[in-house]
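Please look over the sequence and the structure before reading on.

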Amino acid sequence: MGTDVNNKEYRFQHKHLLEMGQLTAEDILYILSLARSFKEVSSRPIKKVPILRGKTIINFFFEPSTRTRLSFEVAAKRMSADTFNISASTSSSQKGETLIDTARNLEAMNPDIIILRHPSSGSPLLLTQHVNAAIINAGDGTHEHPSQGLLDLMTVMEHKGRIEGLTIAIIGDIAHSRVAHSDIVGFTCLGARVRVAGPATFMPSHIESLGAKVCATAAEAVAGVDVVMALRIQQERQHDPLIPSLREYARFYGVSRKLLELARKDVLVMHPGPINRGVEMNPDVADGTGSVILDQVANGVAIRMALLYLILGGDKGGEAS
Ligand code: CP
């Protein structure tokens, strides 16, 4: 299999990145390997390589973001691409322009990649049908967030040396989490087992069809696992309250030191961010032993460098120069 950057036969065949399910295990392992080689660029005194010079990348974000938007921009700039940001609040969508019209106008400026975050599931796919630029899904509604899934895989691989055979527990608002969807598909694709737990109102009926095992309690999900990931409650996607109170949620599903005692001693603690401390995760867990939350953020830059490079056709070996 073309699982690392030394395999000169491997070719990345995807114009767009819309969801984790479009990637084969070979694709994922190649992306992780390439990201590992790009990660070194971020620790150089001069954090820049010229490989995407002359390329134009637009960050088109209709929802708030700290990590994803900034890390795509940092990744692009570290590879010398030109980056531009447009958000819903500063765009003419405020004046009634449709997503497709806005995208066509962006296209008229001839970007190479449009990176889209949007509250509607499927909106990145819709754009691929109306513009010629490559589209990267940076989170669409409750559907997927594939670059987050890849950086989560990279972080676990970095700390555990493998994905196959591990057990991952994902706790919280599974129904509204695009990260959970991408992670379940990605981790199971590479041979891990994924367990999920959360209030019944946060548990979508289709989740087992993705390969996850639904557990009745957080304790059952966490027992003996290698990785515990907590998710934020996505209140912005809920029209009616789906849980009685945050206090009760924290009691039953908040990740605490006591809950982690049920996991393996070397358990990794993850969270895609932003964290609501004291709700889905206690501060001593977020900042304590086993937490790799900021490693996830650091790896986000490396994964996004690899994705931009591959989508722009640079799959000829991938060594940073
Ligand atoms: N993990 C993640 O998507 O974070 P942001 O919303 O800050 O981009």
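A residue is near a molecule if one of its heavy atoms lies within 4 Å of it. By that rule, the ligand is surrounded by Ser65, Thr66, Arg67, Thr68, Arg117, His145, Gln148, Pro272 and Gly273. This is a predicted model, in which local features need pLDDT of at least 70 and side-chain atom pairs count only at pLDDT 80 or more, while totals for chains, interfaces and linings use all residues. Residues are numbered from 1 along each chain as its sequence is written, and side-chain values use heavy atoms, with hydrogens and water left out.

**Ligand site**

- A backbone N or O atom of Thr66 is 2.8 Å from a ligand oxygen atom.
- The side chain of Thr68 has an N or O atom 2.6 Å from an oxygen atom of the ligand.
- For Arg117, a polar side-chain atom lies 2.9 Å from an oxygen atom of the ligand.
- On its own the ligand has 260 Å² of accessible area (Shrake-Rupley method, 1.4 Å probe), and the protein covers 92% of this.

**Ser87**

- Beyond neighbours within four places in sequence, Ser87 is in contact (heavy atoms within 4.5 Å) with Phe61 and Arg69.

**Thr128**

- Thr128 counts as buried because its relative accessibility is 18%.
- Leaving out neighbours within four places in sequence, Thr128 contacts His16, Leu18 and Ile135.
- The C-alpha atoms of Thr128 and Ile114 are 9.9 Å apart, with the two residues 14 residues apart along the chain.

Key. Polar contact = N/O pair within 3.5 Å; in protein donor to acceptor, adjacent residues only side chain to side chain. Buried < 20%, exposed > 50% of the residue type's maximum accessible area, 1.4 Å probe, protein only.
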